[in-house]
Amino acid sequence: MLQALEARNTYDLKFTSDAARVKGVSCLKGVEGLTVTPYDGSVAVTVLYLPFEVDQRLVARVLSQYGTVSEMRWCKYTVGELKGIY
């Protein structure tokens, strides 16, 4: 899976297995002009249908029961009629 992130020219690339990730990172590190930052053992979690007024600290506290929460951000539409809406 390839996902464009908010930072310009920054992408998150997910592989189907650890073996595929290791091989992919190895191949991509050889591409000139490309910076590769591998995430070992991290998992991206998307929480859907959460009311906007729920405090992110509560979400972090609940998710921390399953591992370390290293980053949280609201997702927002970047194209189309809903562009800019969280």
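Good morning. The structure is a predicted model, in which local features need pLDDT of at least 70, side-chain atom pairs count only at pLDDT 80 or more, and totals for chains, interfaces and linings use all residues. Residues are numbered from 1 along each chain as its sequence is written, and side-chain values use heavy atoms, with hydrogens and water left out.

I begin with the fold. The protein chain has two helices and two strands, arranged along the sequence as β-β-α-α. Helices (H or I, at least four residues) and strands (E, at least two) are DSSP runs, numbered from the N terminus.

Next, the dimensions. The radius of gyration of the protein chain is 16 Å, whereas a compact globule of 86 residues would have a value near 12 Å. That radius is taken over C-alpha atoms, and the globule rule is 2.2 Å times the number of residues to the power 0.38. The C-alpha trace spans about 45 × 35 × 20 Å along its principal axes.

How much of the protein chain is buried? Buried residues make up 7% of the 86, where buried means under 20% relative accessible area, exposed over 50%, and partly exposed in between (1.4 Å probe, protein chains only). Of the contacts (heavy atoms within 4.5 Å) with a separation of 6 or more, 12% are between residues 24 or more positions apart.

Finally, one residue. Gln 65 lies in the segment after helix H2 (56-63). Gln 65 counts as exposed because its relative accessible area is 61%. Between Gln 65 and Val 54, eleven residues apart in sequence, the C-alpha to C-alpha distance is 18 Å.
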